[in-house]
Amino acid sequence: MSTAVMTNRFELNSVADTALKAAAGFWFVVAVIGQWAFLYYLVGFYGPSTLTGNFQAWTRNTFLRMSYVRGDTAGNLAFGAHALLASIIAFGGAIQLIPQIRTRAISVHRWVGRVFFVTALGLSVSGLYMEWVRGDRENIVSGLAISLNAVLIILFCVLAWRSARAHEMSTHRRWALRTYLVANAQWFTRVGFLSWMIIRGLLGGRDSLDGPFASFLDFGCYLVPLAVLELYLRAKESGTPNGRFAMAGSLIVLTVLMGVGIFGIATFMWWPLLEGTLK
Ligand code: HEM
């Protein structure tokens with residue numbers, strides 16, 4: 001192989017690497033904006049009502065099937081704790097993915113990691129309680145779908161934790177990324193649904209919370225992000241330059257769709273709920 005061909009290949013490889021890194025960075029920035037908007041809503045909407053015991057205020061959120069139920073103290077406490085614990089996931093997940101924190105403040109990474117794992121386990125257990133004891137589920141299939149989400153959160157947490165303790169950093173990174181995605185599945189559901197509603201609406205269609213897309217999201221909210229992550233890791237670690245360009249392009253399209261969903265849910269749900277203007 002001539003030197004010129006080798007130089008061209010080397011350059012193509014490095015441009016493909018840069019494109020993939022830039023696309024992943026774009027995804028991360030948009031995801032953090034969306035997760036911190038979620039955090040703002042969670043703290044603003046559930047914080048004062050839960051801490052003052054005004055649980056009835058939750059019923060203003062007409063997107064929920066079951067929030068406050070008169071007389072169901074255990075269920076109400078489980079719901080309030082669940083909604084508030086979600087804010088730790090929205091805040092801590094982003095912190096864990098910032099490379100500068102991992103390299104310059106490893107003890108912060110370790111402590112946030114421990115809190116994130118314990119919180120994710122608490123959310124899984126309180127979620128399973130609400131699904132199967134309180135009976136807050138759309139139907140059996142959606143109940144099983146979200147229960148599988150809980151099982152994956154617990155399993156991935158254990159695997160990420162074990163690999164960190166064994167100092168297997170490359171394995172830890174993979175399991176931690178998977179944990180991050182499954183722990184954010186309920187955020188993906190909300191963002192994904194609003195993105196779909198807006199795009200369908202622009203094309204003249206309509207959908208509802210019990211339509212086929214919502215059923216697809218029951219499993220899709222964690223299986224789609226996990227599949228995209230596997231493709232990304234393959235493209236990054238062993239893909240051809242063309243594969244990396246294709247992955248970078250796909251990530252940019254998915255990020256734009258995610259941005260549309262974040263805009264939609266913040267504008268049509270979180271903000272009106274905080275303002276008290278949700279109709
Ligand atoms: C770590 C991951 C999770 C996070 C961050 C999370 C977050 C939330 C949040 C913020 C709410 C309040 C709804 C809102 O204001 O939008 C909620 C509701 C709920 N969550 Fe989770 N959740 C998680 C995992 C789970 C799991 C694994 C289950 C079930 C096994 C579950 C079951 C529920 C149920 C039943 C509701 C009430 C929904 C309704 O009545 O419409 N969650 N979750």
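**View 1. A81 in helix α2 and its spacing from G122.** A81 is partly exposed, with a relative accessible area of 37%, where buried means under 20% relative accessible area, exposed means over 50%, and partly exposed lies in between (1.4 Å probe, protein chains only). This residue belongs to helix α2, and helices here are DSSP runs of H or I with at least four residues, while strands are runs of E with at least two, both numbered from the N terminus. Although A81 and G122 are 41 residues apart along the chain, their C-alpha atoms are separated by 9.0 Å. The model is predicted, so that local features need pLDDT of at least 70 and side-chain atom pairs count only at pLDDT 80 or more, whereas totals for chains, interfaces and linings use all residues. Residues are numbered from 1 along each chain as its sequence is written, and side-chain values use heavy atoms, with hydrogens and water left out.

**View 2. The iron atom of the ligand and H82.** Helix α2, which covers residues 73-97, also holds H82. The NE2 atom of H82 lies 2.0 Å from the iron atom of the ligand and is the single donor that the protein provides. Donors are N, O and S atoms within 2.8 Å of the metal (3.2 Å for Na, K and Ca), and because water is not among the atoms, sites may look incomplete.

**View 3. H167 in the loop between α5 and α6.** H167 is not a glycine, and yet its phi is positive, at about 60 degrees. With a relative accessibility of 62%, H167 counts as exposed.

**View 4. R178 and the residues that it touches.** R178 sits in helix α6, which spans residues 169-183. Its relative accessible area is 11%, and R178 is therefore buried. When residues up to four places away in sequence are not counted, R178 touches F156, L226, L229 and E230, where contact means heavy atoms within 4.5 Å.

**View 5. T189 in helix α7.** Helix α7 runs over residues 185-202 and includes T189, which counts as partly exposed because its relative accessibility is 22%. Leaving aside neighbours within four places in sequence, T189 is in contact with L217 and C221. T189 and A105, in turn, are 84 residues apart in sequence, and their C-alpha atoms are 32 Å apart in space.

View 6. From the N terminus on, the elements run α-α-α-α-α-α-α-α-α. Taken along the principal axes, the C-alpha atoms fill a box of roughly 80 × 50 × 35 Å. The radius of gyration of the protein chain is 20 Å, which agrees with the value near 19 Å that a compact globule of 279 residues would have; this radius is taken over C-alpha atoms, and the globule rule is 2.2 Å times the number of residues to the power 0.38. Buried residues make up 40% of the 279 residues. Among the contacts in the protein chain with a separation of 6 or more, 70% are between residues 24 or more positions apart.
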